Amino acid sequence: HLTAGGISFANATWAQEPALASAESLYVTIDIPALFDSAVWLPELRLADCSVNLQKNDNGQANWELAGAGDEQPAEPDSDWTFRMDELDIDRCRLSLDGPKREKPLLVEIDKARLDRGENMRVTGEIDGRLDQETLAVKGWMDPPRAFSEGGPLAMNLDISAGDVILDLSGSFTDAARLAGADLDSRFSGP
């Protein structure tokens, strides 16, 4: 178990906010034996009172990029490492996204988020908060969410509401990374 508080990552010198990311409370459980099998396994991760401030400047530089804009990025090496997280709990977290093309920053405030990965790789969860001051609620499941990055089939059942907009979505993709083979049922309502 690792517990830390008062964590802060400095922002780019040109960014508006002093911290790129911060958290008043972090609790993480790491399965050490899994590291010997080239796997990062976090049975539990809890964050509280956190903030993430993502911003691009007029030159196209993003504050989350370590290299400057225009620098060549080295090719990512192939890796046999895997990542797994079983439980994620977030309380009172704020995400801001800003840039020259945005009239005003996009603000996502999470009051509570709970995600749990079951034995069968299905992730179920609930998120409550606000999206640009409008009520935000997400509830449902995805199986397996990693299909968005790795490809392959994905099944889901999600209920999403943001202010007066409601989207209920269920079904599957044969390849989620390419959004191919969609077999979806949806219900949308709102202004």
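Tutor: Let us begin with pairing: two strands pair if DSSP finds at least two bridges between them, and helices (H or I, at least four residues) and strands (E, at least two) are themselves DSSP runs, numbered from the N terminus. The model is predicted, so that local features need pLDDT of at least 70 and side-chain atom pairs count only at pLDDT 80 or more, while totals for chains, interfaces and linings use all residues. Residues are numbered from 1 along each chain as its sequence is written, and side-chain values use heavy atoms, with hydrogens and water left out.

Student: What makes E11 and E12 a pair, and what lies between them?

Tutor: DSSP has to find at least two bridges, and E11 (residues 154-162) and E12 (residues 165-173) have nine, in the antiparallel sense, with Ser161 standing opposite Ile166. The two strands form a hairpin with two residues between them, and Gly163 in the turn has a positive phi of about 65 degrees. E11 also pairs with E10, again in the antiparallel sense, over eight bridges, and there Met156 is the bridge partner of Met142.

Student: Why is the link between Cys50 and Cys93 called a disulfide, and why is it called left-handed?

Tutor: A disulfide is a pair of cysteine sulfur atoms within 2.5 Å, and here the S to S distance is 2.1 Å, so the pair qualifies. The torsion about the S-S bond is about -135 degrees, and the disulfide is therefore left-handed. Because Cys50 lies in strand E5 and Cys93 in strand E7, the bond ties together parts that are 43 residues apart in sequence.

Student: How do you know whether Cys50 and Cys93 are buried or exposed?

Tutor: Buried means under 20% relative accessible area, exposed over 50%, and partly exposed in between (1.4 Å probe, protein chains only). Cys50 is at 7% and so counts as buried, and Cys93, at 11%, counts as buried as well.

Student: What makes a set of residues a nonpolar core, and which residues have the most contacts inside the largest one?

Tutor: Such a core is a set of buried Ala, Val, Leu, Ile, Met, Phe, Trp, Tyr and Cys residues joined through side-chain atoms within 4.5 Å. The largest has 14 residues, and those with the most contacts inside it are Leu45, Cys50, Ile90, Cys93 and Ile110. Strands E3 (19-29), E5 (44-55), E7 (87-98), E8 (106-117) and E10 (134-143) each supply at least two of its residues. A second, separate core of seven residues includes Ala147, Met156, Leu158 and Phe173.
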